[in-house]
Amino acid sequence: MKNYALEFKNVSVIYGEGSPFRKAALNDITVSFPKGEITGIIGHTGSGKSTLASLTNGLLKPTSGEILLDGESIWAKPKEMIKIRSRVGLVFQYPEYQLFDETVEADIAFGPKNMKLSDEEIKKRVKLAAEFCGLSEKELKRSPFELSGGQKRRAAIAGVLAMRPEVLVLDEPAAGLDPKGKEEILSGLVEYKNTYGATLLIISHSMEDIAKYADEILVMKDGEIYMHGGVEEIFMQAEKLFDARLDLPQITKLFIELKKRDLVNSTDVYSVGYAKKEIEKLINAR
Amino acid sequence: MLKDVTFGQYYPGNSLLHRTDPRIKLLILVEYLILVLVASTELAAAVSIMFTVFLIAVSGVKLRILLKSVKPLIFVLIFTALINLFFTTGESEPLVDWKFITIYQEGIRSAVMMLLRLLSLVLGSSVLISLTTSPLELTDAIESVLSPLKLIRVPVHEFAMMMSIALRFIPTLIEETNKIISAQKARCADFESGNLLRRVKALVPILIPLFVSAVRRAEELADAMECRCYHGGEGRTKLKVMKACARDYIFFTFTTLLTVGIFFINNITIAGIVELCRDIF
């Protein structure tokens, strides 16, 4: 049996219960996220992805159901929610707007400081977190408001990494960044995961990123779980994805078209690297 | 934390007050304030209360919603009434004289009058303006009512524009604040415990990003307005031109008469009426 870091059991979130504006943001969701793996969460706008994210660290209380972190309900001791929040790191969409301190260093230290760690430990963590996010020593001493958009994003993510959470939930961590910056941030996150054996949940609209980094994919639709499985398993069911108004990675779509013209014989190609190998194989075979 | 903030509590509807020209409503509001503040005798107070009830009746606003607008002021109302009750001295014997508490008949009277006056002010002005006038109508009306000041070079249009922008951004900023609060909470920030100083300090991580983003939004909006050739109020026309109709003028005239009348009513005492009746019969 797999070891699960985070489990949702029959979780529902309903806004405006009892009024005519009643709206179920999440409807009876049961899902588990395996320890040490990256789960990509995809879904159309308003499918409940962000609601799911706010549930993971107790910012939002579910209307019904249970959320288990390492087998224990996170709402068991509401007074110790701060402890839960240091174990489940949540990075919101556009996190650069939460920066406030005089230096990037002090800003990254905000989380660990709230956890009441020793100064020495805080310093160590800030340095490590900055490394994972690719921030230089020089940038740490600058004001966060002087940085470029991409660097601000790194600083904000580092602020959550510095708490060293065992589960890290990221809402569109790479949205609006240039391809290189995106690559660096995402691979930094993978490095963090590998170093500490953390569990990652990444919400993204980019099928390419999901295909490249995720181990599992969770597809949400209208506040419900639409599909959940391995990357190949999900992307093989193209029709079903289109029904949820989602898409396939571009390279996969290309291979589907090539298959139609009998130029290739497989369509389970999700990354450019793999596609390259596949094409080389075909060329050599001729 | 901020979910209870209701601002611009406009209550959509199609009542008489909703349809009244907002400029007329502004003028009526001024008269109404004079009326309520001037009314000092029991009879005058009764007239002003009747007029308030009339306004509430024609506004079509549900009583429950109306009471909600009074709720945050309950403390102020009670406090004012108590101050009046304890600190008004009268000429007659005190009704209660126990240790440091002395209550005179005049104190009770002024407490009740003050309470009714404040309650009328809050209820009357909210049904006249905030509940039945949309913020945009209101700023348009203010611009129009103040437009004579343009003659002495007061930038009336700019003031009105600033006001409507400010109103427009309140919900946006509230949303932004909630987002920042969530983000800092996710970083283990604690806003709920500790002494006053610690709680005030805990606000810094919210306020700084909020100010930064407000300034950023202002700059972006200014650029966007300039890109669309905004150059102030000169020669600018309106999408919705306000038109006052006969009904509005009647309403206005009626209020004016009542406001002027209240000065006379103030001079009529109940004893005077009794005298008058005796003279007639």
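A:Asp28 sits in strand β2 (residues 23–34) of chain A. Helices (H or I, at least four residues) and strands (E, at least two) are DSSP runs, numbered from the N terminus. A:Asp28 is not a glycine, yet has a positive phi of about 50°. With 44% relative accessibility, A:Asp28 counts as partly exposed. Buried here means under 20% relative accessible area, exposed means over 50%, and partly exposed lies in between (1.4 Å probe, protein chains only). The model is predicted: local features need pLDDT of at least 70, side-chain atom pairs count only at pLDDT 80 or more, and totals for chains, interfaces and linings use all residues. Residues are numbered from 1 along each chain as its sequence is written, chains are lettered from A and ligands numbered from 1 in the order in which they are written, and side-chain values use heavy atoms, with hydrogens and water left out.

A:Tyr94 also has a positive phi, of about 45°, although it is not a glycine. A:Tyr94 is in the loop between β6 (88–91) and α3 (104–108) of chain A. Its relative accessibility is 41%, so A:Tyr94 counts as partly exposed.

Two buried residues of chain A were examined next. A:Cys133 occupies the loop between α5 (119–132) and α6 (137–140) of chain A. Its relative accessibility is 8%, and A:Cys133 therefore counts as buried. Residues up to four places away in sequence set aside, A:Cys133 touches A:Arg154, A:Ile157, A:Ala158 and A:Leu161. Contact means heavy atoms within 4.5 Å. A:Pro62 is 71 residues from A:Cys133 in sequence and 32 Å from it in space, C-alpha to C-alpha. A:Asp209 belongs to helix α9 (residues 207–213) of chain A. A:Asp209 has 15% relative accessibility and so counts as buried. Beyond its neighbours within four places in sequence, A:Asp209 contacts A:Lys182, A:Leu186, A:Ser204 and A:Ala214.

Chain A as a whole contains 13 helices and ten strands. Its radius of gyration is 20 Å, close to the 19 Å that the globule rule gives for 286 residues, so chain A is as compact as a globular protein of that length. The radius is taken over C-alpha atoms, and the globule rule is 2.2 Å times the number of residues to the power 0.38. Along the principal axes, the C-alpha atoms of chain A fill a box of roughly 65 × 55 × 40 Å. Of the 286 residues of chain A, 50% count as buried. Among contacts in chain A between residues at least 6 apart in sequence, 64% join residues at least 24 apart.

Axes are lines fitted to C-alpha atoms, for helices over the stretch in contact, and angles run from 0 to 180 degrees between N-to-C directions. Helix α5 (residues 74–87) and helix α6 (residues 105–130) of chain B pack at about 155°, with axes 7 Å apart. α5(B) is therefore roughly antiparallel to α6(B). Angles under 35 degrees count as roughly parallel, over 145 as roughly antiparallel, 65 to 115 as roughly perpendicular and the rest as oblique. The crossing of α5(B) and α6(B) is right-handed. A crossing is right-handed if the near helix is turned clockwise from the far one by less than a right angle, and left-handed if anticlockwise. α5(B) contributes B:Leu77, B:Thr80, B:Ala81, B:Asn84 and B:Leu85, and residues of α6(B) in the contact include B:Met114 and B:Leu118. By class, the contact of α5(B) with α6(B) has nine nonpolar, four polar and no charged residues. Ala, Val, Leu, Ile, Met, Phe, Trp, Tyr, Cys and Pro count as nonpolar, Asp, Glu, Lys and Arg as charged, and the others, Gly among them, as polar.

Helix α8 (residues 156–186) of chain B packs against helix α7 (residues 135–146) of chain B at about 165°, with axes 9 Å apart. The pair is therefore roughly antiparallel. α7(B) crosses α8(B) in a right-handed sense. Contact residues include B:Leu136 and B:Ile142 of α7(B) and B:Ala160 and B:Met163 of α8(B). Eight nonpolar, three polar and one charged residues make up this contact.

α8(B) also meets helix α10 (residues 204–227) of chain B, where the axes come within 10 Å and cross at roughly 140°. α8(B) is therefore oblique to α10(B). This crossing is right-handed. Among the residues that meet are B:Phe169 and B:Glu176 in α8(B) and B:Arg216 and B:Leu221 in α10(B). The contact of α8(B) with α10(B) has 13 nonpolar, four polar and three charged residues.
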